[in-house]
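I opened the model to go through a few local features and the way its parts meet. My notes follow.

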Protein chains: 2
Amino acid sequence: VPPNRFRQAVEAHNLDLMRDALREDVVFRSPVVFGPYEGRDAALHLLGIVAELFEDFRYLDETTDGAGNVSLHFVTRVGEREIEGIDHLALDDEGRVRELTVFLRPLRAVTEFAQLMAERLGVAS
Amino acid sequence: VPPNRFRQAVEAHNLDLMRDALREDVVFRSPVVFGPYEGRDAALHLLGIVAELFEDFRYLDETTDGAGNVSLHFVTRVGEREIEGIDHLALDDEGRVRELTVFLRPLRAVTEFAQLMAERLGVAS
């Protein structure tokens, strides 16, 4: 299995590596909002904010179907709350992320996370 | 890759197959509640209710790490709302589920799902 560039960028806390790991036309689906965010700039902006909110982040396991789908299972913390999640990636032939979908649990922690995201994005929650 | 017994049980809507797919000491983590539910009976009870709430359920992709971790990516609908999710499984050597963790998005649909679950479980939400 070749190294996962998205995972490497996350683990290195490196937004330049993240830029290289994402296609310019990447589609990002957040755990909170229904509709997708389109394009690398939008995704990088959101991932940068998420990186500030998530503490003690680590991946637990990485699964793949050999056809470009990858799920990265993680645990982290937002404030006092533990959060568990999945980064689901659809990769292109070069290993760049075409689609990134993030899932979080449990509900109360996600609700708090959504509020913090909304504050940082400057929108009403 | 051997067929996934949990997935087969879900797709067959068959709770007897599901019983066989779960270890007696399975740990179930819901998308809503922080704490785990322990044991097959608790898991089957909850999965039975979920099966009644989810409509037009289908798996999109299945990923594995070859060491017992599997992520099953699905879409479904609860009432008018589309939901996307991951069933994350930790399997034992016989392919039975040791741990099942369910993730859902987006937040508004999860909130409605949680309310419907609470009504059916007869608890205050």
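I looked up B:Pro106 and found it in the loop between β6 (97-105) and α4 of chain B. Helices (H or I, at least four residues) and strands (E, at least two) are DSSP runs, numbered from the N terminus. The peptide bond from B:Arg105 to B:Pro106 is cis, and omega is near -10 degrees.

This is a predicted model, where local features need pLDDT of at least 70, side-chain atom pairs count only at pLDDT 80 or more, and totals for chains, interfaces and linings use all residues. Residues are numbered from 1 along each chain as its sequence is written, chains are lettered from A and ligands numbered from 1 in the order in which they are written, and side-chain values use heavy atoms, with hydrogens and water left out.

Next I checked chain A. A:Pro106 sits in the loop between β6 (97-105) and α4 (107-121) of that chain. A cis peptide bond links A:Arg105 to A:Pro106, with omega about -10 degrees. A:His13 is in the loop between α1 (5-11) and α2 (15-21) of chain A. I noted both features because most residues other than glycine have a negative phi, and most peptide bonds are trans.

Then I turned to helix packing. In chain B, the axes of α3 (residues 40-53) and α4 (residues 107-121) come within 11 Å and cross at roughly 125 degrees. Axes are lines fitted to C-alpha atoms, for helices over the stretch in contact, and angles run from 0 to 180 degrees between N-to-C directions. α3(B) is therefore oblique to α4(B). Angles under 35 degrees count as roughly parallel, over 145 as roughly antiparallel, 65 to 115 as roughly perpendicular and the rest as oblique. Contact (heavy atoms within 4.5 Å) involves, among others, B:His45 and B:Ile49 of α3(B) and B:Phe113 and B:Met117 of α4(B).

Last, I compared the copies.

How many residues of chain A are in contact with chain B? I found 31, in contact with 31 residues of chain B. The copies meet through the same surface, because 100% of the interface residues of chain A are also interface residues in chain B.
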